[in-house]
Every structure is written in structure tokens, then in C-alpha cells.
Amino acid sequence: MPIIQLSEIVIAENRQRRLFPEKEQKDLANSILTKGLFHPILVRQIGLKEYLLVAGERRLKAISYLSDSGVSFMHNNQVVSPGQIPITHLGDLDEYDLREAELEENVLRVDLTWQERSRAIADLADLRKSQALTTGETVTLGDIASELAGRKVEGSM
């Protein structure tokens with residue numbers, strides 16, 4: 001997975017998302033710090049050392065917050081130093097990874113309606129079941145609930 005400098009990221013001025021509430025950004029930064037970064041931001045290379053952000057501005061801002069605090073985080077069992085960020089070049093994703101990146105972003109988005117969020121969670125559950133079938137593993141609703149909650153969920157599921 002390529003890792004670049006945060007300073008190499010260019011954010012287009014016409015991005016749809018404009019509001020980044022501080023509490024939600026700190027929550028996302030804390031999630032990245034405690035659980036690691038699940039999905040790198042998506043970029044398109046536009047220069048020798050210049051990358052246009054395609055998706056993941058909330059993650060970019062959360063990682064910038066960690067970097068400003070001098071904190072490293074994990075991605076794919078690799079330590080990412082302050083000032084750096086893992087990226088995925090647009091087009092480098094296989095079908096599962098592309099769908100998972102889209103669903104992960106939608107599940108964690110702050111501005112989704114409850115109907116959109118419910119659909120994204122159902123789609124994530126379907127994706128996890130499909131992935132489990134291809135690897136011969138099993139996945140339960142409890143596993144999915146734990147993933148969404150960011151902690152082990154107890155109870156009967």
C-alpha cells in the first residue's frame with residue numbers, strides 16, 4: 001500500500017461535503033488511533049508528487065489531526081508516521097474492496113438519513129457474508145454489530 005506525505009494531497013474546492021463537525025472528526029480520529037485505518041483515502045495522481053483527493057476527506061482530516069498531535073497510527077499492521085497517509089489510487093481496488101470502501105464510508109457518514117444508514121448496514125452485512133463464503137469462514141450478526149460499534153457487542157444475536 002503506497003504511503004505519501006499529507007502535504008502532497010490536493011483537495012478540490014468544489015467538494016460536496018463542506019461541514020466537518022469537530023466531535024465527529026475527533027471520534028473518527030480516535031477510531032483510527034485505536035482500531036487502525038481500515039481504508040486509505042482514494043486519490044488520483046495529478047502531478048509527480050501531487051494527488052487529487054477523490055474520496056475520504058473525513059479520514060484525511062482525522063489523520064491530519066493525529067499528525068498535528070504527533071501521533072502515529074496503524075494500517076495493515078504497518079505503523080504510519082505523523083505527516084504520512086496511506087492511499088489507494090483510483091482503479092487499484094478489486095470489486096470487494098471498492099464496495100467495502102463505499103459501504104464503510106456510508107456507514108460512518110454523519111449526514112445520512114436513518115433509511116440510508118440502515119441500507120448501508122444491511123449491505124455491509126451482505127458483503128461480510130459474501131467475503132466469509134469465499135474464505136470458508138463464518139460471520140454472525142454479532143460480528144457485524146461489533147465491527148460497527150468498534151467494540152465487542154455482547155448479547156444473543
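Is Lys-26 buried, exposed or partly exposed, and at what relative accessibility? Lys-26 counts as partly exposed, at 37% relative accessibility; here buried means under 20% relative accessible area, exposed over 50%, and partly exposed in between, with a 1.4 Å probe and protein chains only.

The structure is a predicted model, in which local features need pLDDT of at least 70, side-chain atom pairs count only at pLDDT 80 or more, and totals for chains, interfaces and linings use all residues. Residues are numbered from 1 along each chain as its sequence is written, and side-chain values use heavy atoms, with hydrogens and water left out.

View 1. Helices (H or I, at least four residues) and strands (E, at least two) are DSSP runs, numbered from the N terminus. A salt bridge is a side-chain nitrogen of Lys or Arg within 4 Å of a carboxyl oxygen of Asp or Glu, and by this rule the model has three salt bridges. One of them joins Lys-26 to Glu-22, at 3.0 Å from N to O. Both residues belong to helix α1 (residues 22-35) and are four residues apart, about one turn of the helix. Glu-22 is exposed, with a relative accessible area of 54%. Another salt bridge links Lys-23 and Asp-27, whose closest N and O atoms are 2.8 Å apart. Because Lys-23 and Asp-27 are four residues apart in helix α1, about one helical turn separates them. Lys-23 counts as exposed at 56% relative accessibility, and Asp-27 as partly exposed at 41%.

View 2. Glu-57 and Lys-61 form a salt bridge, with the closest N and O atoms 3.8 Å apart. They are four residues apart in helix α2, so about one helical turn lies between them. Glu-57 counts as buried because its relative accessibility is 8%. Lys-61, at 33%, counts as partly exposed.

View 3. Two strands pair if DSSP finds at least two bridges between them. Five strands form an open sheet with mixed pairing, in the order β1-β7-β3-β4-β2. At the edges stand β1 and β2 (9-10), each with a single partner strand, so one side of each has no neighbour in the sheet. Helix α2 (residues 57-68) packs on the sheet and touches β2, β3, β4 and β7, where contact means heavy atoms within 4.5 Å. The direction of helix α2 makes about 120° with that of β4; axes are lines fitted to C-alpha atoms, for helices over the stretch in contact, and angles run from 0 to 180 degrees between N-to-C directions.

**View 4. Strand β7 and its neighbours.** Five of the six residues of strand β7 (residues 84-89) are buried. Strand β1 (residues 3-5) runs antiparallel to β7 and is joined to it by three bridges; Gln-5 has Gln-84 in β7 as its bridge partner. Strand β3 (residues 41-47) pairs with β7 in the parallel sense, also over three bridges, and Leu-42 stands opposite Thr-88 in β7. Between β3 and strand β4 (residues 50-55) the pairing is antiparallel, over five bridges. Leu-42 has Ala-55 as its bridge partner in β4.

**View 5. The surroundings of Ile-4.** Ile-4 is found in strand β1 and counts as buried, at 7% relative accessibility. Leaving out residues up to four places away in sequence, Ile-4 touches Ile-9, Tyr-51, Gly-83, Gln-84, Ile-85 and Ile-87. Ile-4 and Tyr-51 are 47 residues apart in sequence and 9.2 Å apart in space, C-alpha to C-alpha.
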